Amino acid sequence: MNSSPGTVSSFGYAVVIPTVGRPCLADCLDALASSAGPEPREVVVVDDRRGPRHARPPLPLAALGTLRPRASVLSAGGRGPAAARNTGWRAVDSPWVVFLDDDVRVGPAWRDDLAGDLLRAGPDVAGVQGVIEVPLPSGRRPTDWERNTAGLADARWATADMAYRTSALEAVGGFDERFPRAFREDADLALRVLAAGRRLERGTRTTLHPVRPAGPWVSVRTQAGNADDALMRRLHGSDWWERAGAPRGRLRGHAMVTVAGTLAAALAVSGHPGAGAAAAVGWALGTAEFAWSRIAPGPRTAPEVAAMLATSAVIPPLAVCHRLRGTWRHRGVRPVRPAAGGPLVVPVPLRTAPRKGVRP
């Protein structure tokens with residue numbers, strides 16, 4: 001790619017896509033290849049599957065079409081998306097890195113719009129976010145899982161489509177690999193970049209994020225993210241929710257419901273049935289309110305209602321347990337910016353990521 005002032009070539013970019021080998025990766029790569037506009041200098045697909053390489057099915061890199069010669073594959077060893085993205089961006093040689101999730105599809109003019117986003121970014125702008133669109137079903141209300149996924153459209157700095165200057169990533173140490181899930185690792189990075197005095201902007205390019213299939217217990221599995229919220233609080237303080245533009249959640253309510261349920265069981269066993277019954281009523285009312293808050297905006301089909309009733313009873317104690325686990329595990333973590341002032345704390349990656357890509 002030739003470089004000349006005032007063109008996107010002088011702001012060359014690489015694309016990094018972590019994956020666990022889901023079938024949707026082929027659609028993601030095909031959309032990137034089909035998009036109009038300046039081509040990326042590099043496309044790095046980071047294979048985050050566990051197990052020996054020879055036992056893994058091959059990744060669908062042929063979907064990249066004409067971009068195939070620019071593609072390389074790295075292995076991250078199944079350590080999670082934060083570590084996988086670190087593996088990817090540290091191996092590129094471009095001023096900008098665009099992170100995409102493997103379940104998104106960039107728009108038909110995405111590369112042209114990305115060029116405009118990068119060209120408009122001032123020198124103090126460290127990152128530019130894409131516009132995420134989540135298609136929801138027509139003709140019925142969205143399910144609880146569909147509504148949760150739709151929240152990505154309003155999320156700040158989501159790495160479903162987020163461009164960062166490579167120099168900004170180097171300055172703050174990249175993603176914190178203590179975040180093992182695809183949850184909060186992008187918000188943490190953004191808050192550290194902002195704490196370092198840089199700016200983040202929202203661009204104009206659009207990316208489609210379909211709702212992936214999920215079973216009725218998906219909301220139970222996602223409660224593990226409460227442990228990551230505990231790490232966010234240690235790193236960024238109690239007001240991190242507001243600065244990251246994240247919903248506050250219902251942890252306080254979950255704690256009250258959990259305490260009521262625990263008291264009901266303990267009082268009943270200890271021979272205080274009256275007090276136990278009162279606590280049980282409190283638990284039942286809290287659980288019913290939580291379930292209705294999820295059922296009311298949904299399609300209200302029998303399977304959806306049954307799933308909401310069952311999971312609404314399980315989620316409060318599970319969320320509290322995960323939060324307590326995270327609080328204990330991260331009790332010694334230093335804050336990014338000490339309360340009394342001081343230098344920005346750059347987290348040290350848990351492992352050293354490889355520097356060079358392996359050509360497929």
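**Salt bridges and burial in a predicted chain**

Among contacts in the chain (heavy atoms within 4.5 Å) between residues at least 6 apart in sequence, 82% join residues at least 24 apart. This is a predicted model, in which local features need pLDDT of at least 70 and side-chain atom pairs count only at pLDDT 80 or more, while totals for chains, interfaces and linings use all residues. Residues are numbered from 1 along each chain as its sequence is written, and side-chain values use heavy atoms, with hydrogens and water left out.

Colleague: How many salt bridges does a search of the whole structure find?

Modeller: A salt bridge is a side-chain nitrogen of Lys or Arg within 4 Å of a carboxyl oxygen of Asp or Glu. For the whole structure, the search finds 23.

Colleague: Which residue forms a salt bridge with R79?

Modeller: R79 lies in the loop between β3 (71–75) and α2 (81–89), and its partner in the loop between α5 (166–172) and α6 (185–195), so the pair ties together parts that are 98 residues apart in sequence. The closest N and O atoms are 3.0 Å apart, and the partner of R79 is E177.

Colleague: Is D228 buried or exposed?

Modeller: Buried means under 20% relative accessible area, exposed over 50%, and partly exposed in between (1.4 Å probe, protein chains only). D228 forms a salt bridge with R181, their closest N and O atoms being 2.9 Å apart. R181 counts as partly exposed, at 28% relative accessibility. D228 has a relative accessible area of 1%, and therefore counts as buried.

Note on methods
Helix = DSSP H or I, 4+ residues; strand = E, 2+ residues; numbered from the N terminus.
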